[in-house]
Amino acid sequence: MTDTDPLIPLPIDPDVEETPMGEPRPVHLRVSALAVVAAGGTAGAATREALTLAFPSASGAVPWTILAINLVGAFLLAFLLDALARRGADHGRRRTLRLLVGTGFMGGFTTYSALATDAASLIGGGAVGTGVAYGLGTVVLGGIATWAGIVIATLAHRSRTGGRS
Amino acid sequence: MTPLLFLGVAVAGGLGSACRLLLDGVIRSRTRGTTPWGTIVINLTGSFLLGLVTGVSSVHLLPEAAHLVLGAGFLGGYTTFSTASFETVRLLQERKWVAGGLNGLGVLIATTVLAGLGLWIGSIL
């Protein structure tokens, strides 16, 4: 069994899986899938907005709240996708959960446009070092958070199955 | 922020997320290979548009409420950091160093340049 193999074949693009032959309509063209993603995305964007309102960042400073949101979201998405993939093929409830919580909530919760615009604003405003460090720091720490999410989902799966697969 | 404006930001975020699923799927179905062009195109266009919206808003050509709904709402939900990071790590795990590096560092640089361009264009309108 390949269950405990840390490098299971996760799709590189988790938003669109390879559609099996004969399936009537790709996921991204189904109204039900779009509605599930919109529902998750609404909740994710609301959570992000609530957090940025509760913990506002001063202009000209590092947007710590967006940084934290992106790192936490990256960790949770990686954990979710790995945990779901280890439980079986992407259909039925697992697919709905992936679209609702992964593509929807975590996609709406995290944001790349704010990262790029804040980094550009910092650099354009003369805080070049801060802007570069913010952008690079987010991407590098985000990669580490993603990797940690995959590793912890793997370890959780092992402990749940008692090391057997 | 009024409850109605908060709701507007949230719903716009949901619409942006659905657009992301749709566009990612369309691009994915028209490209080959493992490079996640869908997420890349989404984050490039969304970053330019947020820069533009923020620039236009900074010179008071756009009401703050519209800036929030379009920016923090729609474009925040449309673009995504978590999926981009996941795709970068998956590429690196598969030892696709160049593709992974470009998807991580290259996209960061390109989105920041495009956001800066959007800020500049928006502010001179």
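Author: Before we start, helices here are DSSP runs of H or I with at least four residues, strands are runs of E with at least two, and both are numbered from the N terminus.
Reader: Fine, so what order do the elements of chain A run in from the N terminus?
Author: They run α-α-α-α-α, and chain A has five helices and zero strands. This is a predicted model, in which local features need pLDDT of at least 70 and side-chain atom pairs count only at pLDDT 80 or more, while totals for chains, interfaces and linings use all residues. Residues are numbered from 1 along each chain as its sequence is written, and chains are lettered from A and ligands numbered from 1 in the order in which they are written.
Reader: What is the mean pLDDT of chain A?
Author: The mean is 89, with 85% of the residues of chain A reaching 70 or more, where pLDDT is the predictor's confidence in each residue, from 0 to 100.
Reader: Switching topic, how many residues of chain B are in contact with chain A?
Author: Chain B contributes 56 residues, which are in contact with 55 residues of chain A, counting two residues as in contact if their C-beta atoms, placed from the backbone, lie within 7 Å.
Reader: Which helix of chain B gives the largest share of that side?
Author: Helix 1 of chain B does, with 18 residues on the side that touches chain A.
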